[in-house]
Amino acid sequence: MKNLSVALLLPISCLLLLSGCGGGGADVGFMGYSGGYTSGTTSNYGGGTSTLPNGSNATATFPQTLPVTNTQGAPSNQVNVIIEQNPAASALGAYSTNTPFVSINLCNASTQPAVCQTIDHVLVDTGSYGLRLLASAVNTNLNLPAIQNGPLVAECTTFVSGFMWGSIHTASLQMNGELAKNVSVQLVADSSLPPAPASCTGTGTDIGNLASIGGNGILGVGPLIQDQGSYYTCSAGSCTSTNLPLSSQVSNPVAFFALDNNGVLLQFPAIPASGQPSVTGTLTFGLNTQADNSLAGFSILPSDLSTYFNATIAGQAYPQSFIDSGSVYNYITLPGLTLNANGDYAPGSYTLYSATLSSNTTTPANPNPLPVEFGVLDSSVLNFTANAAFNDVVDPGSSGSADFGMSFFYGKTIGFALVGSTLPQGTGPFYALQCTSSNCL
Amino acid sequence: MEHRLNSESKHLVLLFLAGALLLPRVVGAALGGSDQRLALEGALQPSGSSRLAALPVPSGVREQTLITPQGVSVTQWSAQGFVFALRWQGPMIPDLSAILGASFQSYNTALKARPRLGLNAPLRVQTAGLVAHTSGHMGAYSGWAYLPALVPQGLNLTTLGIEP
């Protein structure tokens, strides 16, 4: 009888899935414009203003706007990343502490001329894959096409902190000289969708809003490509679960760039232990494709196909560790330390901890276990109103996992090689680390 | 034990047929509830096949593992007819309200109460009634939960891969 119930479940599941079968998908070829890069050789990058351009909406001729000039004084494969209090989030009483923001240019390239919009304060997240924008931040005259004819496709995107419910559309994304054409993106909290079904609301709490995200959306540029999420088709006011082909799923736009499509580098300067009001770093596209993204001199950290590696801290192994710019602090269990009222570790004084990072599998073997350090300071002495950037707040982690969050990125350049990319340093996914300051913090 | 499963499966089939066309959810067991089929759509796995713990099932404890169509593996453990612990792992967070049952409210209250820590700061819920943990990032999440009041005396939760 146990088997009978399973046997009955399967055909019904198939019925529920039928509407999504064979759906057309976005073009996922590594296509795009074939223009050259004329300004990718300067090494004097990292300049620019400390605030992001405000959102604007413009009708642009597209793709004739490419190659663009250096909009931020940077090489064309690079954009500035800003850590600051986002005024729009502050107005809602939300802090955007340690939240790395970029501006993007979002386009509907299905029309000529294309319609584009600059969207500011989009979170750069190395722990996810694909572009997700609050529907309320996208101007309606962009009128982004749905990914397929028929019922609207929706996704329930889950994070530990909660879910985002939104519709799936095709868009083109431009960042400085890079163009990702016809990539599936999610419009979060899209009022044209039916409410999130119980199977989605049951995963946690709704974080598809400005106060929870801290910005207008998430740009997932981690080492994988498709998000492999929970998709639905929606009609007649309700949504049912469906299988969406990988080629139609929300995907890391970096993989869609014409040339610099094998990974990214995130670089941030060192900051003081007391924090800093704002920080300007850079997001550089491609690895070993331009003069500014060579991995020569980097320490290589292989990961498994879930982007996990092993961290050894105080003799304890954490084999599901990862480096995630979308995590605000470091989340690492430190036995013996007490917690303050914020829930953060509170040592008596600033304390440096050591960790050794290495591959968690034998293939690929790790050539060199990598020693790193991170600081811990009682956050009750920190000013979270004046400062947005902190490198030394640590919260308890998981038994098998150290989450090296945004706190870890300062004083370093960290590379994220996309799955399947083949480089002299290895085959992705892997991480690459290099210090940009003497103390690497 | 098998008799119990059989009779409950009959109910399950009827309930499922009644509800399937409206809701892709399954009526069944939840944390703290009676020892039925896991309340998620998916394929039950042979007994002792948990991909999560790969640990021997303690005596007096019944283990049930299911894999959802999205590839999330969920294992629940029950004793004396009641589910006292579960553990899950997969590319996304599953419908926790279905498998945590009444305890989902405690879980979600803890989730909402914490400050903005980014997308994937691990969550630990530590209340008198429920202890739970969720961690990971897109494509590779995992978690566990147990009800301290229902854990059999003398059972070491770490043998189930749970950190008490």
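What share of the contacts in chain A with a separation of 6 or more comes from residues 24 or more positions apart? The share is 72%, where contact means heavy atoms within 4.5 Å.

This is a predicted model, in which local features need pLDDT of at least 70 and side-chain atom pairs count only at pLDDT 80 or more, while totals for chains, interfaces and linings use all residues. Residues are numbered from 1 along each chain as its sequence is written, chains are lettered from A and ligands numbered from 1 in the order in which they are written, and side-chain values use heavy atoms, without hydrogens and water.

**View 1. Chain A, with 4 helices and 25 strands.** Helices (H or I, at least four residues) and strands (E, at least two) are DSSP runs, numbered from the N terminus. Of the 441 residues of chain A, 60% are buried, meaning under 20% relative accessible area with a 1.4 Å probe, protein chains only. Chain A exposes about 15200 Å². Carbon and sulfur atoms supply 55% of that area. Accessible areas come from the Shrake-Rupley method with a 1.4 Å probe.

**View 2. Chain B, with 3 helices and 7 strands.** The order along the sequence is α-β-β-β-β-α-α-β-β-β. Chain B has 164 residues, and 57% of them count as buried. Its accessible surface comes to about 6900 Å². Carbon and sulfur atoms account for 57% of that surface. In chain B, residues 24 or more positions apart make 47% of the contacts with a separation of 6 or more.

**View 3. The contact between chain B and chain A.** Chain B brings 44 residues and chain A 58 residues. About 4400 Å² is buried between the chains; this is the accessible area (1.4 Å probe) that two parts lose on being put together, summed over both. Carbon and sulfur atoms give 63% of the buried area. Arg116(B), Leu119(B) and Met138(B) supply 22% of what chain B buries against chain A, more than any other three residues.

**View 4. The side of chain B that touches chain A.** At least two residues each come from α1 (2-19), α2 (96-100), α3 (104-113), β6 (131-137) and β7 (140-146) of chain B. The largest share, 7 residues, is from α1(B). This side divides into 22 nonpolar, 13 polar and 9 charged residues. Asp, Glu, Lys and Arg count as charged; Ala, Val, Leu, Ile, Met, Phe, Trp, Tyr, Cys and Pro as nonpolar; the others, Gly among them, as polar.

Technical notes. Buried < 20%, exposed > 50% of the residue type's maximum accessible area, 1.4 Å probe, protein only.
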